[in-house]
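Work through the exercises below with the structure in view. Try each task before reading its solution.

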Number of protein chains: 2
Amino acid sequence: MNQITIIGLGHIGGSFAKDIRERGIAGKLVGVEANESHASQALELGLVDQVMPLNEALADADLILLTIPVDAMLQVLPQILDLVKPGQTVMDAGSTKEALILAVREHPMRSRYVASHPMAGRENSGPGAAISGLFEGKCSVICNREGSAPDAVDTVIDLYEALGMRMVELEAHEHDLHAAYVSHISHISSFALALTVLAKEKDEKRIFQLASGGFDSTVRLAKSSPEMWVPIFRQNRDNVLDVLDEHINVLSRFRSLLIKKDFNTFHELIDQANHIRKILK
Amino acid sequence: MNQITIIGLGHIGGSFAKDIRERGIAGKLVGVEANESHASQALELGLVDQVMPLNEALADADLILLTIPVDAMLQVLPQILDLVKPGQTVMDAGSTKEALILAVREHPMRSRYVASHPMAGRENSGPGAAISGLFEGKCSVICNREGSAPDAVDTVIDLYEALGMRMVELEAHEHDLHAAYVSHISHISSFALALTVLAKEKDEKRIFQLASGGFDSTVRLAKSSPEMWVPIFRQNRDNVLDVLDEHINVLSRFRSLLIKKDFNTFHELIDQANHIRKILK
């Protein structure tokens with residue numbers, strides 16, 4: 001490709017930029033970034049060749065990659081489609097899909113847009129958190145491909161496969177449901193665990209010293225930014241509420257078993273939880 | 001040292017054995033292991049030079065390391081102290097300390113025992129899960145050192161420091177409280193999260209495909225064995241219940257904010273949770 005334009009040069013956009021450059025996928029990389037200090041940082045790091053205003057950045061792009069928080073996407077994606085010409089492809093990498101697809105359902109250029117969600121990302125934010133090889137070996141989900149032009153879908157799949165990703169296809173509603181189970185609830189659990197321990201454990205030095213007992217693992221995601229995650233929880237509220245209810249029920253069951261000192265049932269539940277070992281390596 | 005005897009050749013005991021051998025800390029490594037297949041596996045892996053019955057294994061040991069589940073420790077530690085001679089040192093690596101210290105409080109050889117808890121360990125079990133360098137850079141807690149002979153404490157600290165650990169001292173009750181906050185609740189949270197997702201997500205292939213969205217991180221501990229963890233929850237029940245109550249409260253607060261669509265407060269709570277970033281690198 002001659003030019004790829006990345007809108008949003010944070011952890012995800014920046015990591016796309018690194019991989020695209022290292023693998024020689026595009027002749028030119030252009031960025032759009034509202035945060036001025038992020039924009040200059042991205043240029044210093046060499047993530048993109050130029051940072052431009054949206055209109056100019058779109059003009060010569062073969063592929064336009066949208067990597068901003070999912071609430072901002074609802075505003076920006078229709079604006080991009082207003083400007084897009086036939087032959088250009090637009091993709092996003094948001095963690096929720098239904099609201100965004102609905103927002104452009106009637107747009108005359110809808111078919112140039114491909115909805116996707118690469119299941120990759122770390123807890124750090126900003127262009128400084130961009131890392132090479134982030135996507136390698138992970139899955140990327142394409143949603144509602146019947147709404148997109150076949151050549152646009154091919155362009156997006158080619159990019160993901162060049163980055164080493166395996167492809168999965170899901171209907172948007174189904175995606176959001178699975179994402180609530182397998183990603184969003186983990187973040188809420190982690191935020192809650194961090195708050196629990198911060199509230200209970202006034203001695204921060206102790207947390208630091210003893211965190212290798214498991215806390216560091218379960219609480220890693222609690223470093224994730226509210227700017228990215230609150231819009232996700234807002235858009236996927238009903239699914240997240242459903243899974244959160246179930247999670248609170250399971251924890252309450254453990255609580256009740258402790259109160260009753262029913263350690264046999266406690267043992268059985270852990271045995272069942274261990275079943276996850278067969279699914280996750 | 002001439003001989004170190006390790007009682008329990010699982011993940012922790014086996015990892016001690018590997019490091020002790022690689023760093024040339026003991027001339028001879030002897031194991032005690034009730035599970036016959038674990039015993040032969042440990043010999044095949046070269047973790048120890050010999051596996052012996054308890055009595056014989058203790059006879060010539062300079063240091064005796066107890067790495068079995070904490071309920072079994074309550075039975076075995078007094079038996080060991082019955083057999084121990086002056087000059088020998090006994091240490092354990094259990095995740096709860098108060099019950100064990102209480103169990104040998106009146107034992108005439110109490111001073112040969114040093115209570116400790118190295119804050120290290122993975123979710124896998126058995127001698128096959130032994131790994132080198134497990135303890136490097138982590139903290140180890142020594143409890144109630146005033147009950148132990150100074151030379152015994154020195155022997156134990158020397159071992160931990162040779163393994164690259166930093167030392168922390170805590171009173172046993174205080175240790176168990178901190179361990180509930182910083183380790184035990186993380187395990188309950190992780191077991192519960194695994195059960196929640198297994199209950200909600202019938203399609204195991206989807207879990208596998210999408211787990212890199214955060215689930216793999218929060219659920220890693222859910223692979224931990226009930227044989228090790230149920231005795232910990234039993235011994236530390238009151239502290240764990242207290243922290244679990246608080247954790248359910250925090251999750252219920254998130255739930256209530258979602259129901260009320262109060263995303264501003266949701267944002268503030270995540271900001272507070274992000275504070276953990278300043279404590280954990």
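This is a predicted model: local features need pLDDT of at least 70, side-chain atom pairs count only at pLDDT 80 or more; totals for chains, interfaces and linings use all residues.

Residues are numbered from 1 along each chain as its sequence is written, while chains are lettered from A and ligands numbered from 1 in the order in which they are written.

**Exercise 1.** Describe the fold of chain A in numbers.

Solution. Start with the elements: chain A has 13 helices and eight strands. Helices (H or I, at least four residues) and strands (E, at least two) are DSSP runs, numbered from the N terminus. Next, take the extent: the C-alpha trace of chain A spans about 65 × 40 × 30 Å along its principal axes.

**Exercise 2.** Find the order of the strands in the sheet of chain B, then its edges.

Solution. The order is β3-β2-β1-β4-β5-β6-β7-β8, an open sheet with mixed pairing. Strands pair if DSSP finds at least two bridges between them. β3 (50–51) and β8 (166–170) of chain B each have a single partner strand, so one side of each lacks a neighbour in the sheet. Now look at one pair: β7 (139–143) and β8 of chain B run parallel over five bridges. There, B:Cys143 stands opposite B:Leu170.

**Exercise 3.** Work out which residues chain A brings to its contact with chain B.

Solution. Count first: 81 residues come from chain A and 81 residues from chain B. Residues are in contact if their C-beta atoms, placed from the backbone, lie within 7 Å. On the side of chain A, α7(A) gives the largest share, 21 residues.

Key
Two residues are in contact if their C-beta atoms, placed from the backbone, lie within 7 Å.
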